[in-house]
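Subject: A structure for you to look at

Hello,

Here is the structure I promised to pass on. Please open it next to this message and follow along.

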Amino acid sequence: MSTIAAIATPPGTGGISVIRISGEKALRIAEKVFKPSGNKSIISMKGYTACYGSIEWEGEKLDDGVLLIFRAPHSYTGEDTAEITCHGGVLITRRILRACLDAGAQMAQAGEFTRRALLSGKLTLTQAEAVADIISSKSDQYLKCAAAQLDGALYKKIAEIKKTILDIAVQISAWIDYPDEGLDSFEISSQLGQLSDCRLRLHLLLESYDLGQALRDGISVAIVGKPNVGKSTLMNLLVGCERSIVTDIEGTTRDIVEENVILGGTLLKIADCAGIRETDNPVERIGVVKMERRLEQAQLVFAVFDNSRPLEKEDYRLIEKLKGKHVLCIINKLDLESRLDMAYLATQFGRVAEISANNPESLRKLNDAAAKFINPEKLDISAGFIANERQRDAAVKARDAIEKAIDGIIEGVTLDATGVMLETALDHLSELTGENVSEQVIDEVFKKFCVGK
């Protein structure tokens with residue numbers, strides 16, 4: 001394959017930039033643009049060693065920098081790799097990359113370094129996808145999940161399921177091909193139990209998909225309550241700035257104000273909604289309608305109640321609307337004299353947080369309450385999880401094939417038909433891990449990567 005090069009650090013001005021070169025001629029190309037201090041030979045450098053020197057091209061010194069060498073196969077791509085670290089200016093970084101390209105390298109495509117790691121056997125496809133997830137992680141919880149994927153958590157889980165199915169398929173094949181060889185009888189009850197266990201494990205993995213998506217993309221949250229309970233003040237507390245307008249006038253918030261925040265270690269897509277109440281104002285009514293629509297779509301609701309005011313018809317109306325939804329009840333204005341029926345609210349909601357939204361210390365209470373309420377730990381990070389639609393589609397097809405094999409055994413279909421269904425399940429599981437996947441699918445996976453990774 002050709003030797004490729006790209007800028008491996010984000011675009012923009014910073015302390016340093018890194019230009020990565022990978023391929024058979026990586027060290028020769030590095031030798032053309034990097035001159036080590038003391039006339040050290042780059043070609044003779046061992047892997048995992050570095051040297052200081054000047055970066056030059058066509059007789060012109062471009063910058064001072066550091067060269068780091070990785071020898072095949074002990075590199076990220078499995079190829080000889082050189083990384084040139086220079087000052088982090090946009091212009092100087094591009095000039096050094098251009099020098100590497102003029103010296104014989106080709107411009108790397110999106111994700112091409114990781115793609116080469118996949119092709120050289122350094123990574124599985126699920127691990128390669130985890131690299132992209134680590135780069136794009138927006139919360140601590142999803143970063144931990146993606147890191148577990150990179151360690152091979154999902155691959156190992158699927159490999160266990162594949163081994164069980166393959167063992168059964170081999171037994172069926174042997175029973176069909178060598179009926180007179182005195183092989184042990186085919187134990188239907190044992191095979192059914194093992195296949196049912198495989199089906200259950202795939203089902204549990206598929207259940208992880210929705211939570212994994214929520215951790216990656218963010219959980220949609222609607223802040224709701226009657227006017228002047230402190231919804232906008234709460235929004236500003238969570239965001240850390242005056243994002244929503246706060247006044248004593250009822251109906252100030254008429255449109256939905258949205259922001260992303262990290263709370264309880266999880267990314268939340270929060271919407272500050274208009275107060276729930278009956279109104280003749282046509283503009284405010286539009287805001288109320290939008291609030292009701294957002295309330296229906298929200299995965300989590302922050303229902304806010306005013307500690308200084310008794311429950312009113314708008315509160316009861318809201319409580320009725322929230323039945324069957326995931327709700328964190330927030331009692332605000334705790335610094336004022338209490339007139340709220342907290343005991344009643346405690347019976348209506350499983351989780352209650354008592355705060356004063358105008359007090360910055362309340363953010364810690366909300367963080368603790370959200371961490372317990374959202375509880376992303378129910379996603380077993382060490383067991384792996386279905387991270388994207390490609391993986392989910394393959395897992396669903398594999399589960400369905402196992403289901404058909406189980407039904408076939410129960411209904412007494414021939415063993416060769418059962419074996420075909422199990423082969424289908426194995427094919428789909430191999431698609432999931434990337435062991436049996438088309439070039440087109442690989443292309444789609446790496447389209448999502450940045451250049452330089």
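Below is what was found, starting with the whole chain and then moving to single places.

**Ground rules**

This is a predicted model, where local features need pLDDT of at least 70, side-chain atom pairs count only at pLDDT 80 or more, and totals for chains, interfaces and linings use all residues. Residues are numbered from 1 along each chain as its sequence is written, and side-chain values use heavy atoms, with hydrogens and water left out.

**The whole chain**

The chain has 15 helices and 13 strands. These are DSSP runs, numbered from the N terminus: helices are H or I with at least four residues, strands are E with at least two. Of the 453 residues, 49% count as buried. Buried means under 20% relative accessible area, exposed means over 50%, and partly exposed lies in between (1.4 Å probe, protein chains only).

The chain exposes about 22100 Å². Carbon and sulfur atoms supply 50% of that area. The areas come from the Shrake-Rupley method with a 1.4 Å probe; for residues, only the protein chains shown count as cover.

Now the contacts, meaning heavy atoms within 4.5 Å. Take those with a separation of 6 or more: 68% of them join residues 24 or more positions apart.

How confident is the predictor? The mean pLDDT of the chain is 85, and 87% of its residues reach 70 or more. (pLDDT is the predictor's confidence in each residue, from 0 to 100.) Over residues 243-255 the pLDDT is below 50. That stretch still has 38 contacts in the model beyond near neighbours in sequence.

Start with α13, residues 389-411. Its 23 residues should span 33 Å at 1.5 Å a residue, and its end C-alpha atoms are 33 Å apart, which agrees. The expected span is 1.5 Å times one less than the number of residues. Asn 388 caps the N-terminal end of α13. A side-chain oxygen of Asn 388 lies 3.2 Å from the backbone nitrogen of Arg 390. Just after α13, Gly 412 takes a positive phi of about 85°. The buried residues of α13 include Ala 394, Ala 398, Ala 401, Ala 405 and Ile 409.

Next is α10, residues 313-321. Which of its residues are buried? They are Glu 314, Asp 315, Leu 318 and Ile 319. These four lie on the same side of α10, because they cover an arc of only 140° around the axis. The arc is that of the directions from the helix axis to the C-beta atoms.

Val 18 is in β2, residues 14-22. Val 18 is buried, with a relative accessible area of 12%. Ile 7 is 11 residues away along the chain, yet the two C-alpha atoms are separated by 5.9 Å. Beyond four places in sequence, the contacts of Val 18 include Ile 7, Thr 9, Glu 83 and Thr 85.

Thr 81 is in β6, residues 81-88. Is Thr 81 buried or exposed? Thr 81 counts as buried, because its relative accessible area is 4%. Its side chain makes a polar contact with the side chain of Ser 22, at 3.5 Å. Another joins it to the side chain of Thr 77, also at 3.5 Å. A polar contact is a pair of N or O atoms within 3.5 Å; within protein, one must be able to donate a hydrogen and the other to accept it, and residues adjacent in sequence count only if both atoms are side-chain atoms.

Cys 329 is in β12, residues 327-332. Cys 329 is buried, with a relative accessible area of 0%. Among the residues that Cys 329 touches are Phe 305, Leu 345, Phe 349 and Val 352.

Most residues other than glycine have a negative phi, and most peptide bonds are trans. Here are the exceptions to look at.

- A cis peptide bond joins Ala 72 and Pro 73, with omega about 0°. Pro 73 is in the loop between β5 (60-70) and β6.
- Tyr 48 has a positive phi, near 60°. Tyr 48 is in the loop between β3 (34-36) and β4 (49-57), and is exposed, at 58% relative accessible area.
- Asn 228 has a positive phi, near 65°. Asn 228 is in the loop between β8 (219-224) and α8 (231-239), and counts as partly exposed at 24%.

Best wishes
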